[in-house]
Amino acid sequence: FTDAVFDEGGVFTQTVYPDHCVQDSWGALLHPALKVHPRDHFIKKGTKSNVDSYSAFKDNKKASQTGLHSYLRSHNINTVFCCGIAYDVCVGWTASDAVDLGYRTFIVEDASAGVAKETTDAMKEKLLGKGVSICSIDTALSLIS
């Protein structure tokens, strides 16, 4: 991984990861066993070439929203479960933004994996300090049943 410095509306640095989950590529496909309901709503992030979007809520500069917050509020959703990869990057940033926006927020730990143990442990500590709860898949399922 490498850090890149951008100077657009203020200087900021972000880590640049190898290409992954590229829109309209195999990396953005959902697993065939994933059950997708016709009413499911998809939020696109990372659509700007000059700033990444680790969070599902907003870009890394916190300059533009993805629409997730508006969608959740319009459907009276007040609890968010975050899981996936990478715990220490996208999952963690999403959980951090969710709790900042007032959502009851959980990380589903056994459904998540980080890039590295050290950064995953640091993200977990940060999130716990902000009031994010850690749960298992079984606990998450019991909470939504």
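Where is Glu8 found? Glu8 lies in the loop between β1 (2-7) and β2.

## Basis of the description

The model is predicted: local features need pLDDT of at least 70, side-chain atom pairs count only at pLDDT 80 or more, and totals for chains, interfaces and linings use all residues. Residues are numbered from 1 along each chain as its sequence is written, and side-chain values use heavy atoms, with hydrogens and water left out.

Helices (H or I, at least four residues) and strands (E, at least two) are DSSP runs, numbered from the N terminus.

## Surroundings of Glu8

With a relative accessibility of 37%, Glu8 counts as partly exposed; the term covers values between buried (under 20% relative accessible area) and exposed (over 50%), for a 1.4 Å probe and protein chains only. Leaving aside neighbours within four places in sequence, Glu8 is in contact with Asn50 and Lys61, where contact means heavy atoms within 4.5 Å. Between Glu8 and Phe57 there are 49 residues of separation in sequence and 21 Å in space, C-alpha to C-alpha.

## Helix α1

Helix α1 comprises residues 68-74, and Leu68 belongs to it. Leu68 is buried, at 15% relative accessibility. Residues up to four places away in sequence not being counted, Leu68 touches Ile43, Ala56 and Phe57. Ala98 is 30 residues from Leu68 along the chain, and their C-alpha atoms are separated by 9.8 Å.

Leu72 is also placed in α1 and counts as buried at 9% relative accessibility. Beyond its neighbours within four places in sequence, Leu72 is in contact with Phe57, Ile77, Val80 and Tyr103.

## Packing of α2 and α3

How do helix α2 and helix α3 pack? Helix α2 (residues 87-100) and helix α3 (residues 117-130) pack at an angle of about 5°, and their axes are 10 Å apart. Axes are lines fitted to C-alpha atoms, for helices over the stretch in contact, and angles run from 0 to 180 degrees between N-to-C directions. The two helices α2 and α3 are therefore roughly parallel to each other, a term for angles under 35 degrees.

On the α2 side, the residues that meet α3 are Tyr87, Asp88, Val89, Gly92, Trp93, Ala95, Ser96, Val99 and Asp100; on the α3 side they are Thr119, Thr120, Met123, Lys124, Lys126, Leu127 and Lys130. The residues of this contact of α2 with α3 divide into seven nonpolar, four polar and five charged. Here Ala, Val, Leu, Ile, Met, Phe, Trp, Tyr, Cys and Pro count as nonpolar, Asp, Glu, Lys and Arg as charged, and the others, Gly among them, as polar.

## The two sides of α3

The 14 residues of α3 should span 20 Å at 1.5 Å a residue, and the end C-alpha atoms are 20 Å apart, which agrees. The expected span is 1.5 Å times one less than the number of residues. In α3, Thr120, Met123 and Leu127 are buried. They cover an arc of only 65° around the axis, which puts them on the same side of α3; the arc is that of the directions from the helix axis to the C-beta atoms. An α-helix has 3.6 residues a turn, so residues three or four places apart point the same way.

What covers the buried residues of α3 includes α2 and β4 (104-113). Thr120 has a relative accessible area of 13% and touches Tyr87, Asp88, Gly114 and Val115, not counting residues up to four places away in sequence. The face turned away from the buried side of α3 carries the exposed residues Lys117, Glu118, Glu125 and Gly129. After α3 comes Gly131, with a positive phi near 100°.

## Backbone features in the loops

Most residues other than glycine have a negative phi, and most peptide bonds are trans. Asp24, in the loop between β2 (11-16) and α1, has a positive phi of about 65° although it is not a glycine. Asp24 is exposed, with a relative accessible area of 76%. Asn76, in the loop between α1 and β3, has a positive phi near 55° and is exposed at 70% relative accessibility.

Which residues does a cis peptide bond join? The bond joins Ile85 and Ala86, with omega about 0°. Ala86 is placed in the loop between β3 (79-85) and α2.

Terms used: Angles under 35 degrees count as roughly parallel, over 145 as roughly antiparallel, 65 to 115 as roughly perpendicular and the rest as oblique.
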